[in-house]
Amino acid sequence: MKIKTENDIQKGLDFLAKQGSVMAEIIDEIGGNAPLRLKPAGFSGLSDIIVSQLLSKTSAAAIFNRLCERVSPLEADEFLKYSFEDLKGVGLSKGKYDTLSGIASAIVDGTLNLEALTECSPDEALKVLTKIKGVGPWSAEVFLLFCAGHRDIFPAGDIALRYGVQDALKLDDMPSEKELRSIATRWSPWRGVAARVIWAYYAHLRKKVNVQP
């Protein structure tokens with residue numbers, strides 16, 4: 001089963017709410033709002049994720065929007081028509097440009113089929129994606145979560161998830177990626193919804209802090 005609709009999200013929420021008081025309290029705190037956030041499972045969707053690496057949501061969205069305006073449509077063959085100098089003005093770093101170029105080239109020469117990859121097992125897809133220079137575990141897992149719709153993916157290297165779990169579980173220190181993967185096993189087979197819940201919870205916490213006088 002994959003996460004494709006709001007009904008799928010609700011099934012995950014119902015499961016998670018029964019796994020313990022902490023998750024039930026978080027779900028209540030965010031009003032059960034765990035956004036679907038599906039992206040297209042092609043070059044554009046993966047490009048959005050690559051652009052988002054190590055950037056705030058606002059900065060990443062601004063750069064990606066400018067990229068879409070400059071390269072239209074944002075497809076592999078069209079992207080390869082542009083040099084780094086052509087795209088530097090949209091805010092794209094050289095490293096991310098090189099990563100996107102590598103992905104685009106692999107798609108065009110037929111060695112990478114992102115749409116077909118969404119039908120592979122998560123382990124197989126992760127191996128393929130992380131072989132691409134510039135695509136690490138976080139980017140690959142986010143692709144599988146939001147483009148492929150896998151329901152049991154948890155990007156444990158994500159800083160917001162680590163902070164969110166630290167606060168939710170009242171931990172003295174932010175959990176390491178390894179520790180968070182271990183913690184997240186309790187939410188299987190709906191770790192993909194658990195990640196959405198914790199991201200929403202983290203955003204909720206930041207909003208509360210920002211509105212305080």
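1. Element order. From the N terminus, the protein chain runs α-α-α-α-α-α-α-α-α-α-α-α-α. The count is 13 helices and zero strands. Both are DSSP runs numbered from the N terminus (helices H or I, at least four residues; strands E, at least two).

2. Basis. This is a predicted model: local features need pLDDT of at least 70, side-chain atom pairs count only at pLDDT 80 or more, and totals for chains, interfaces and linings use all residues. Residues are numbered from 1 along each chain as its sequence is written, and side-chain values use heavy atoms, without hydrogens or water.

3. Overall dimensions. The C-alpha trace spans about 55 × 45 × 30 Å along its principal axes.

4. Burial. Of the 213 residues, 45% count as buried (under 20% relative accessible area, 1.4 Å probe, protein chains only).

5. The α3/α4 pair. Helix α3 (residues 43-52) packs on helix α4 (residues 57-70) at about 140°, with axes 9 Å apart. Axes are lines fitted to C-alpha atoms over the stretch in contact; angles run from 0 to 180 degrees between N-to-C directions.

6. S44, S47, D48, V51 and S52 of α3 meet A60, I63, F64 and L67 of α4 (contact: heavy atoms within 4.5 Å).

Conventions. Buried < 20%, exposed > 50% of the residue type's maximum accessible area, 1.4 Å probe, protein only.
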